[in-house]
Amino acid sequence: MINILNVVNGNNYISLGREMMRVIGIHESIFLYEIIDKYQFFLSQGSLEDGWFYLKIETIEERTCLTRKQQDSCIENLIRHGLIEKKVMGCPPK
């Protein structure tokens, strides 16, 4: 059963610019919005590690509905546009 209060909660919305969607794509815009949101959160918590943070694929999928394949494509495209950097660290890699 759907809890209508969770569905219409103001924190459950993403606002995207039309021009950004035209330039980098809809999925890329959603993905970029999410990682900017998380970056700001980790920054405010003092949790960045040398300016870096990590997010799990499952977390991004839960918050954006983007599958792993879509996320991988977004990452490639955003790197190509020079909007993000990717760094793989740890074991297992993050």
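Reply: Helix α3 has 20 residues and reaches 29 Å from its first C-alpha to its last, close to the 28 Å expected at 1.5 Å a residue. That expected span is 1.5 Å times one less than the number of residues. Helices here are DSSP runs (H or I, at least four residues), strands are E runs of at least two, and both are numbered from the N terminus. Please keep in mind that this is a predicted model, in which local features need pLDDT of at least 70 and side-chain atom pairs count only at pLDDT 80 or more, while totals for chains, interfaces and linings use all residues. Residues are numbered from 1 along each chain as its sequence is written, and side-chain values use heavy atoms, with hydrogens and water left out.

Now to the side of α3 that is hidden. Its buried residues are Glu-28, Ser-29, Ile-30, Phe-31, Leu-32, Glu-34, Ile-35, Lys-38 and Phe-42. Buried means under 20% relative accessible area, exposed means over 50%, and partly exposed lies in between (1.4 Å probe, protein chains only). These buried residues of α3 pack against α2, α4 and α5; a contact means heavy atoms within 4.5 Å. Phe-41 also has its place in helix α3, but it is partly exposed because its relative accessible area is 43%. After the helix comes Gly-46, with a positive phi near 70°.

Two elements, α3 (26-45) and α4 (57-64), each give two or more residues to it. By type, the lining divides into three nonpolar, two polar and four charged residues.

In α5, Gln-71, Cys-74, Ile-75, Asn-77 and Leu-78 are buried, and what covers them includes α2 (18-24), α3 and α4. The 13 residues of α5 (residues 68-80) should span 18 Å, and its end C-alpha atoms are 18 Å apart, which agrees. Gly-82 follows α5, and its phi is positive, near 75°.

Cys-74 counts as buried because its relative accessibility is 0%, whereas Cys-91 counts as exposed, at 81%. A search of the whole structure finds zero disulfides (pairs of cysteine sulfur atoms within 2.5 Å). For Cys-74, the nearest cysteine sulfur is that of Cys-65, 13 Å away.

To place all this in the whole chain: there are five helices and zero strands, and 21% of the 94 residues count as buried. The C-alpha trace spans about 40 × 30 × 25 Å along its principal axes.

Note on methods:
Nonpolar A, V, L, I, M, F, W, Y, C, P; charged D, E, K, R; others polar.
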